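Welcome, and please open your viewer with the chain shown as a cartoon. We will go from one selection to the next, with a short note on what is there at each stop.

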Amino acid sequence: VLALGIAAVAIAYFSHRASIAFDHQGKKAAGSISNVNTLLERASSGKPVDGRPAPDKQWVARMTDACVARESLLARVPTSGTVAAMAARGTRILAIERAYAARVELLRPPSGYRAEYRAIRDFNREQQRLVQRVVAAAGDGDLGRATRESVALRELAGRANTVFLGLGLDRCVFGSSGMPL
């Protein structure tokens, strides 16, 4: 009888604790759903999801102009399957990317977005280094190394595109036109 009494008290105690835990989890889930709704509303309105005010519209317009000009020039660079043509294409892409990076350097970052601006500048520098490696590999006739370096460019584009989209710079995302291969 004593053992049954102890078992009944233990069951009641642990049932109560489990009930409190489930109730607490339910409230956390409701809070999480509320946060998701807020994030979706901000994202659909074009506002940054982290709660900051949107970047300055003039800065966004200037960045967009720089990106549109870059993409227009990149789209006109001829493509070919030969290694020598890849080296020539990469050299032209590098010149276009350097001019774009210089233009971006002149644009002052919007307040509250200095980290993203630094990230864009870092992406530009890294992209130039990678394109130089592709050009060097293609110039040496090493198609395998040129391909590996191009894969690194695509990985960089994925990281950079996240930053661009977060700033509302959808025209700045790196497309395939800037790839030497």
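Start by selecting D142 and G144. D142 caps the N-terminal end of α5, with a side-chain oxygen placed 3.4 Å from the backbone nitrogen of G144. Keep in mind throughout that this is a predicted model.

**Along α5**

Which residues of α5 are buried? Select A146, E149, S150, L153, L156, A157, A160, N161, V163 and F164 to see them. As you click through that list, remember that an α-helix has 3.6 residues a turn, so residues three or four places apart point the same way.

Follow the chain past the end of the helix and stop at G168. This glycine comes after α5 and has a positive phi, near 80°.

**A step back**

Zoom out for a moment to see the whole fold. The protein has five helices and zero strands, and reading along the sequence gives the pattern α-α-α-α-α. Of its 181 residues, 31% count as buried. If you draw the contacts between residues at least 6 apart in sequence, 69% of them join residues at least 24 apart.

In soluble globular proteins, nonpolar side chains tend to be buried together.

Centre the view on M63. Leaving aside residues up to four places away in sequence, M63 touches Y100, V104, L107, I120, F164, L169 and C172.

The charged end of R70 sits over the ring of Y100, 4.4 Å from the ring centre.

**Along α3**

Select residues 83–106 to bring up α3. This helix has 24 residues and spans 35 Å between its first and last C-alpha atoms, close to the expected 34 Å. Its buried residues are M86, A87, R89, G90, I93, L94, I96, E97, Y100, A101 and V104, and they pack against α2, α4 and α5.

Pick E97 from that list. Is this glutamate buried or exposed? Its relative accessibility is 2%, so E97 counts as buried. Show its partners beyond four places in sequence: R70, L74, Q127, Q128 and F174.

T91 is partly exposed, with a relative accessible area of 46%. Its side chain reaches the backbone oxygen of A87 at 2.8 Å. From T91, jump to V131: they are 40 residues apart along the chain, and their C-alpha atoms are separated by 8.0 Å.

A102 also belongs to α3 and counts as partly exposed, at 42% relative accessibility. Its C-alpha is 9.5 Å from that of R121, 19 residues away in sequence.

**Finish on α4**

Move over to α4 and click N124, which lies in this helix. N124 is buried, with a relative accessible area of 4%. Beyond four places in sequence, N124 touches Y100, A101, V104 and F174.

At 1.5 Å a residue, the 26 residues of α4 should span 38 Å, and the end C-alpha atoms are 37 Å apart, which agrees.

Just after α4, select G141, where phi is positive at about 80°. One more click takes you back to D142 and its cap on α5, where the tour began.

Notes
Residues numbered from 1 in each chain as written. Predicted model: local features only at pLDDT ≥ 70, side-chain atom pairs only at ≥ 80, totals over all residues. Heavy atoms only, no water. Helix = DSSP H or I, 4+ residues; strand = E, 2+ residues; numbered from the N terminus. Buried < 20%, exposed > 50% of the residue type's maximum accessible area, 1.4 Å probe, protein only. Contact = heavy atoms within 4.5 Å. Lys NZ or Arg CZ within 6 Å of the ring centre and 35° of its normal. Polar contact = N/O pair within 3.5 Å; in protein donor to acceptor, adjacent residues only side chain to side chain. Expected span 1.5 Å × (residues − 1).
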